[in-house]
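Please read them with the coordinates open.

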Amino acid sequence: MQTLLDRATIRTDLGKFSHRWRGRIDGWEQSGQAHTEKSFAQQLWSDLLRCFGVIPERIDLFERDATRASTGGTGYIDFFWSGVAIGEAKSLGKDLDKAHKQALDYLAGGSVKQFEYPKHVMVTDFENFRIDRMGEEPWTIRFTIDQIADHVDQLMFLAGHETVTKTQEEEASIAAAQLMAQLYNALVGDNADEAVGDDAPTNIEEEDQKAQEASVLLTRLLFLLFGDDAGLWEEDLFRRWVEFDTTASNLGPQLDALFRVLDMDPSSRRNIPESLNSFPHVNGALFDSSMPAGFLPEAMREALLDACRFRWTQISPAVFGAMFQLIKSKQARRGDGEHYTSETNILKTIGPLFLDDYRQRADRLIAAQSTTLKALNDLQDELASNLYVDPACGAGNFLNVAYAKLRDIETDLIAARHRKQGGMDRSLDATIDQRLSIDQFWGIEINWWPAKIAETAMFLVDHQANRRLAAAIGQAPDRLPIRITAHIVHHNALTLNWSQTLPEPDGQTFVFGNPPFIGQYTKTTVQTEDMKAVWGDDYNGYLDYVTAWHAQTKTLLADRYGEFAFVTTNSIAQGQPVGALFGSLARDGWRIKFAHRTFKWDSEAPGKAGVHCVIVGFTRDRSSPQKLWDYPDVRGEAVLQKLEHGINAYLIDERDIVLRKERKPVSPVIPAVSYGSKPTDGGYLALDAKEGKAGLDEDAIARKYLRKFVGAKETLHNIERWCLWLTDLTPADRRNSAALSSRIESVRQMRLASRKQQTQESANTPHLFQEIRQPTEPYLCIPIHVSENRKYWTALRFDADIICGNANFLAADKDGLLFALISSSMFMSWQRVAGGRLESRYRFANTLTWNTFPVPELSDRDRQRIIAGGDAVLQARALQPGQSLADMYDPLSMAPELLAAHNALDKAVDQAFGSSRRIRTEKQRLEVLFAHYRALVSAPTPLIAAPSGDAPAE
């Protein structure tokens with residue numbers, strides 16, 4: 001049991017401190033004693049720290065050498081507590097503002113390292129005090145020795161009770177990552193590099209031996225560093241042991257001795273040196289004899305001492321695991337700690353799933369005077385009755401934050417109960433009061449290293465929570481030796497039977513996390529087989545890999561109460577996968593509880609770009625109110641939306657329908673589109689761009705049949721390419737042109753050699769493209785794939801004499817209406833939600849994208865305005881001669897004239913769809929589009945499971 005000083009005790013001790021030092025000060029003034037700073041400064045600071053439960057003899061606090069920035073000279077700091085405070089004591093009557101500047105001068109001199117920077121400056125002349133908090137929320141207070149007890153709250157940082165702001169947490173987390181990188185480099189060298197994230201080794205045997213040993217050693221050192229600051233033992237015990245009981249040459253063997261002691265029950269310890277025997281028994285297999293430290297590089301000791309001077313209790317629980325998972329990557333170690341999932345993003349998932357509701361219920365109970373002890377107990381029991389599961393837990397980030405936040409709620413409930421009880425029947429054992437346990441938290445992780453560190457990280461988060469409980473009620477459970485741990489299962493989550501592995505709780509099972517992002521076209525054969533196994537008859541080849549976790553969760557919760565939410569790529573709410581995923585869930589009674597529409601989630605893995613994600617939570621509770629957040633800026637803040645209909649599978653405020661493939665357009669305004677003409681010619685009719693005209697322009701007969709040819713690359717990159725278009729070829733021209741005869745014969749031979757019957761049959765007309773769909777009037781050319789970074793679909797209009805290949809779609813577009821419509825933001829919004837993807841690129845589909853595009857009936861006025869808007873876009877493009885579409889539509893460098901033309905076009909299209917002005921957000925456009933879709937489709941497809949089967953071959 002660990003009992004810490006509460007506020008009342010500290011205040012009482014400060015009163016005694018004030019009385020004691022007031023007597024001394026009065027005596028000095030009567031005797032005229034000078035130079036009190038030299039004689040009594042250390043004693044003053046020591047007495048003050050004891051009031052807050054700090055034993056100064058156990059921390060190296062006084063007279064630290066430091067360089068002054070203003071002079072470059074060396075002096076000493078009276079009082080320095082790394083990460084906490086710097087103090088200067090001056091003689092009676094001295095200027096405290098000048099003393100404050102002196103302290104700042106030392107901090108700016110360079111001898112205090114960034115990770116040691118204190119948050120407070122304390123200066124005094126014994127009778128008067130000035131305390132400054134630095135950083136994000138600065139303040140300054142002044143008081144006399146007689147008033148010090150009245151300022152107990154501002155001084156509670158000395159007892160470790162200060163609230164750390166989010167910005168400070170982030171800064172501390174980056175500093176911690178840099179210190180860990182320094183330790184790792186000292187161990188294995190700067191060039192060591194291991195795969196991390198989804199590419200990390202699955203089993204320990206797959207990893208380099210040095211990396212294994214470094215991984216285990218750093219996990220143990222993290223525990224010791226954190227324990228030094230968090231009250232697991234005497235303050236700074238480990239730092240003092242490293243400083244006074246080791247050398248650069250014997251650090252490794254000494255650490256091995258310490259690890260043996262930490263794994264040893266006190267009753268079995270014999271002849272242990274006092275410096276080692278002061279450490280408690282830890283247990284939990286963390287310090288067992290496997291993988292000893294051995295002899296370490298000499299640079300390791302200095303790196304470790306630097307780490308000892310950092311305040312490890314400042315870092316966010318969200319980065320405990322990720323920080324150690326990523327240090328193996330050379331790129332991550334050389335970065336600035338930017339790869340960690342933020343607590344804010346994690347809370348977007350677990351907040352609306354369960355945390356926000358528990359927080360609000362607790363706050364209401366605590367605020368209401370009529371709340372009974374039973375009501376407080378019941379809510380605390382409910383928290384402790386649930387199972388919390390992250391089935392793709394990595395290094396435990398989601399579990400860490402969930403546990404920390406739930407413990408905060410429980411601590412508030414316990415404190416409220418203590419206040420209601422007063423001094424009556426209050427438990428003397430905090431283990432009775434505290435019921436939520438890390439034993440309720442389960443993770444599944446396929447990679448060995450993250451699974452290992454997740455367990456350690458959870459224990460550290462548990463101790464942080466115990467410190468907060470101690471601050472609230474004066475005591476907290478003592479978790480050493482370790483008897484209870486989180487359950488991290490090292491296994492492939494898709495081949496594991498979750499129902500057999502995860503115990504069924506008395507309460508609910510909440511499942512959440514961030515499963516791997518792997519698209520439908522990038523799955524391995526093994527991953528595809530895993531998906532087929534978990535989805536069973538509902539398997540659909542269009543589904544992304546991440547949806548396998550939905551299938552496993554659906555199976556787990558089929559016979560137990562619970563809810564779930566996952567971070568996924570936004571493709572689950574787009575195109576063909578929508579019906580397959582949401583239909584299957586709807587059939588089993590699941591509905592969307594909340595959703596975050598598309599936003600940018602930065603990858604934890606170095607070198608991998610952030611992805612566009614959504615978060616969707618599911619419930620079977622029909623009475624649960626739905627919540628939808630939108631992101632006007634994908635990197636910006638979430639905006640809670642007011643719902644009229646509810647959240648549908650495309651994550652918009654609309655009714656539950658699924659877009660179905662259509663054989664013809666649902667809109668009477670637009671015609672069907674088709675693929676361009678298909679050569680199937682072995683390269684003899686459609687020439688390679690590198691061939692140019694292949695000398696055919698030197699043949700007077702062949703020259704007549706040369707036509708410009710456009711495939712996808714030619715359309716986007718303005719590449720000149722040619723083909724032989726021989727629909728009007730005469731027998732005489734064929735006979736009289738050796739070049740034509742040779743190429744036609746080569747096409748015939750190539751087609752005859754094919755295994756496909758259709759191709760063999762087309763050998764009868766070897767002078768023609770196998771499939772001819774060339775319009776006889778100006779037409780719209782639609783590239784099948786467009787970069788996901790494009791704001792607009794990069795289509796073109798061509799005259800009939802330019803031949804369009806089958807890497808594009810096309811449609812006759814005599815007046816330019818179709819070009820204008822497909823160049824609008826309205827179409828892009830529809831493409832994003834209805835269309836498919838190839839890798840991350842947008843993929844145009846005639847049946848699912850174009851044929852469902854719900855263009856309403858257009859008045860003559862609207863039609864002409866839209867056509868004029870498309871013409872203006874073409875004119876703006878013409879202002880950039882020589883530039884390709886790819887260059888013109890680079891999202892970072894679009895010409896102002898082109899952007900203005902598109903904005904004007906959007907206004908015309910938006911008004912034709914019924915808006916009074918240009919629509920500004922994707923969400924608004926989709927609401928308009930779905931309303932028109934419902935109006936055009938007589939019987940919209942309800943949300944039912946899509947037919948099973950593999951995705952068609954590309």
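1. Strand 8 and strand 9 (residues 441-445) run parallel and are joined by three bridges. Within this pairing, Asp-390 has Gly-443 of strand 9 as its bridge partner. The model is a predicted one, and the pairing should be read as such.

2. Strand 8 also pairs with strand 12 (residues 509-513), again parallel and through three bridges. Strand 8 itself spans residues 387-390 and is covered on both faces. Leu-387 and Val-389 lie on one side, Tyr-388 and Asp-390 on the other, and all four are buried.

3. Strand 12 turns up again in the surroundings of helix 19, as one of the elements against which the buried residues of that helix pack. The others are helix 17 (498-501), helix 18 (525-535), strand 13 (562-569), helix 20 (577-587) and strand 15 (611-619). Helix 19 covers residues 547-556, and nine of its ten residues are buried. The buried set includes Trp-549, His-550, Gln-552 and Lys-554, along with Ala-548, Ala-551 and Leu-556. Thr-547 and Thr-553 are also buried.

4. How are helix 13 and helix 14 packed, and at what angle? Helix 13 (residues 373-385) meets helix 14 (residues 397-421) at about 160°, and their axes are 10 Å apart. Because of that angle, helix 13 is roughly antiparallel to helix 14. The crossing of helix 13 with helix 14 is left-handed.

5. On the helix 13 side, this contact is made by Leu-373, Leu-376, Asn-377, Leu-379, Gln-380 and Leu-383. Helix 14 contributes residues including Leu-406, Ile-409, Glu-410, Leu-413, Ile-414, Arg-417 and Lys-420. By class, the residues of the contact are nine nonpolar, three polar and three charged.

6. A separate point concerns the open sheet of six strands, ordered 2-3-4-5-6-7 with mixed pairing. Strand 2 (62-67) and strand 7 (139-144) are at the edges; each has a single partner strand, so one side of each has no neighbour in the sheet. On average, neighbouring strands of this sheet are turned by 30° against each other, direction ignored.

7. For edge strand 7, the pairing with strand 6 (residues 128-133) is antiparallel and extends over six bridges. Ile-131 has Ile-141 of strand 7 as its bridge partner.

How values were computed
Residues numbered from 1 in each chain as written. Predicted model: local features only at pLDDT ≥ 70, side-chain atom pairs only at ≥ 80, totals over all residues. Heavy atoms only, no water. Buried < 20%, exposed > 50% of the residue type's maximum accessible area, 1.4 Å probe, protein only. Helix = DSSP H or I, 4+ residues; strand = E, 2+ residues; numbered from the N terminus. Pairing = 2+ DSSP bridges. Contact = heavy atoms within 4.5 Å. Axes fitted to C-alpha atoms, helices over the stretch in contact; angles between N-to-C directions. Parallel < 35°, antiparallel > 145°, perpendicular 65-115°, else oblique. Left-handed = near helix turned anticlockwise from the far one by under 90°. Nonpolar A, V, L, I, M, F, W, Y, C, P; charged D, E, K, R; others polar.
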